[in-house]
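The sequence and structure are shown first, and the discussion follows.

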Amino acid sequence: MIIDSIQNGIVIDHITAGKAMELYNILGLDKLDCTVAILKNVTSGKLGRKDIIKIDREMDLDWDLIGYVDPTITVNIIHEGQLREKRSLKLPERIRGVLKCKNPRCITSVEQELPQEFLLTDPAKRIYRCIYCETEAGK
């Protein structure tokens, strides 16, 4: 299989095997009018297997959102065929607009215009809690 190199764009690398489609959907990459390649179960010396997403366009990405999906990801920004920037990600302290509070009595259930926002309370277990009612987040 041949996947061309990117001249200007983004390579999201070291995605835990099987998580590329979740990331693709959360980032809304289906709405792009450029080439997006998803490579699943690629052999990796470090991870055994990994997924990769290549986006053939430079664009702004939500680093916290990517870090939430998989904190082991590295993002490579390619400009004029050269690596311009390499970012390692981590779990964000706060996540907004991705999770929904499962507490039916939470104010976000009544006040629909309030943003769904969660705070990282246990990094080891990747537990986030609603900032309004402190209910543990469910995906």
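A patch, in the sense used here, is made of residues with over 30% relative accessible area and no salt bridge, where nonpolar side chains are joined within 5 Å. In this model, which is predicted, Ile107, Leu119, Ile131 and Tyr132 make a nonpolar surface patch of about 300 Å². One of these residues, isoleucine 131, lies in the segment after β8, and its relative accessibility of 32% means that it counts as partly exposed.

The sheet that contains β8 is open and has 3 strands in the order β6-β7-β8, with antiparallel pairing. Because β6 (94-96) and β8 (127-130) stand at the edges with a single partner strand each, one side of each is left without a neighbour in the sheet. On average, and with direction ignored, neighbouring strands of this sheet are turned by 35 degrees against each other. Strand β7 (residues 117-122) runs antiparallel to β8 and is joined to it by 4 bridges, while leucine 120 stands opposite tyrosine 128 in β8.

The accessibilities of two residues are set side by side below.

| Residue | Relative accessibility | Class |
|---|---|---|
| Isoleucine 131 | 32% | partly exposed |
| Cysteine 106 | 1% | buried |

How many disulfides does a search of the whole structure find? The search finds 0. For cysteine 106, the closest cysteine sulfur is that of cysteine 130, at 3.7 Å, which is too far for a bond, because a disulfide requires a pair of cysteine sulfur atoms within 2.5 Å.

Note on methods. Residues are numbered from 1 along each chain as its sequence is written. This is a predicted model: local features need pLDDT of at least 70, side-chain atom pairs count only at pLDDT 80 or more; totals for chains, interfaces and linings use all residues. Side-chain values use heavy atoms; hydrogens and water are left out. Two strands pair if DSSP finds at least two bridges between them. Helices (H or I, at least four residues) and strands (E, at least two) are DSSP runs, numbered from the N terminus. Axes are lines fitted to C-alpha atoms, for helices over the stretch in contact, and angles run from 0 to 180 degrees between N-to-C directions. Patches are made of residues with over 30% relative accessible area and no salt bridge: like charges are joined within 9 Å, nonpolar side chains (Val, Leu, Ile, Met, Phe, Trp, Tyr) within 5 Å. Accessible areas come from the Shrake-Rupley method with a 1.4 Å probe; for residues, only the protein chains shown count as cover. A salt bridge is a side-chain nitrogen of Lys or Arg within 4 Å of a carboxyl oxygen of Asp or Glu. Buried means under 20% relative accessible area, exposed over 50%, partly exposed in between (1.4 Å probe, protein chains only).
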